[in-house]
Amino acid sequence: MSELNNKVIIITGASSGIGRSTAKKLAQEGAKVVLAARREERLVELAEEIKSMGGSAIYRVTDVTSRKNVEELVSFTLETYGQIDVLFNNAGIMPLSYMKNGRVEEWDQMIDVNIKGVLHGVGAILPHMLERNSGHIITTSSVAGHGIFPSGTVYCATKFAARVIMEGLAKELVKTQIRTTTISPGVVDTELPDLIADAEVRPIFENPDLPSIKSEDIANAVYFALSQPPSVAVNEIIIRPTNQG
């Protein structure tokens, strides 16, 4: 029997990419997944697919930039299942651009989703986990949270922030049984580059020779972190294509 059997797991950014693949993987391992994202039609489709495979899935349309939305997601899950074992803070956007092009609205969007979204998730779930003295919070950062590259200045800043938030949280929770994990993927074959509107940057990510890994590879990393015994905390995983520099 899987370590995740009957565990209740919230996944934000579940409508595509890493979130979608992780939801399917964890449901296959017996978890009760709660799917959260903005695109309801995608959530409905994924929930039905998981159920057709014999898994358990429910969904709630959620915008992580809204603290109220995220709090309602947590309340909805508790009303349905009575507990939450894992929060996977996975929602994120990557509209890369050169700073000289002044795409300020995109900077604001990245700050709202990639940083505030993480904070909203932690803030909403922490009281419940502290009360139970149990739980696991996972956040998707990036290799961009470890190094900076041209056109990624603001994006990298948000992913550095996500790492710092998780590191600080881990230190605050060191005397509890609540674990934290930061997942830092390299280039993954997902929809993230679709949001790149800067005409100078987009061709870089349209290169068919760009090394990438699959979202299923990240799902397996998430499962690895979750499947460790309670005495083991996998605090950070960096996972990238073999040929990514």
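**Pockets, a cavity and a few residues**

The second largest pocket holds about 320 Å³ of space. It has 13 lining residues, and K7, S134, R179, L226 and P230 are the closest to its centre. By type, that lining splits into four nonpolar, five polar and four charged residues. Here Ala, Val, Leu, Ile, Met, Phe, Trp, Tyr, Cys and Pro count as nonpolar, Asp, Glu, Lys and Arg as charged, and the others, Gly among them, as polar.

A word on the ground rules: this is a predicted model, where local features need pLDDT of at least 70 and side-chain atom pairs count only at pLDDT 80 or more, while totals for chains, interfaces and linings use all residues. Residues are numbered from 1 along each chain as its sequence is written, and side-chain values use heavy atoms, with hydrogens and water left out.

How do you find empty space at all? Rolling a probe the size of a water molecule over the atoms shows where it is left. The search runs on a 1 Å grid over the protein atoms alone: a cavity is a set of points where a 1.4 Å probe fits but cannot get out, a pocket is an open set with protein on both sides within 12 Å along at least five of seven lines, and lining residues have an atom within 4 Å of a point. Grid points are joined across faces, edges and corners, and a volume is the space filled by probe spheres set on the points.

Now for the largest pocket, with about 1000 Å³ of space. Its lining takes in 47 residues, and G92, I93, M94, T190 and L192 are the closest to the centre. Helix 1 (17-28), strand 2 (32-37), helix 5 (153-172) and helix 6 (202-205) each give at least two residues to this lining, and helix 1 has the largest share, with three. (Helices, H or I with at least four residues, and strands, E with at least two, are DSSP runs numbered from the N terminus.) The lining of the largest pocket sorts into 22 nonpolar, 18 polar and seven charged residues.

Helix 4 gives the largest share, three residues, and the lining has four nonpolar, four polar and no charged residues.

Helix 4 (residues 104-132) is also where you'll find H120. Is H120 buried or exposed? It's buried, because its relative accessible area is 15% and buried means under 20%, with exposed over 50% and partly exposed in between (1.4 Å probe, protein chains only). Beyond residues up to four places away in sequence, H120 touches V64, T65, S66, R67 and V70, where contact means heavy atoms within 4.5 Å.

Next stop, F88 in strand 4 (residues 86-89). F88 counts as buried because its relative accessibility is 1%. Leaving out neighbours within four places in sequence, F88 has contacts that include I10, I11, T12, I138 and V222.

Finally, look at P185 in strand 6 (residues 178-185), which is buried at 6% relative accessibility. P185 and A144 are 41 residues apart along the chain, with 8.5 Å between their C-alpha atoms.
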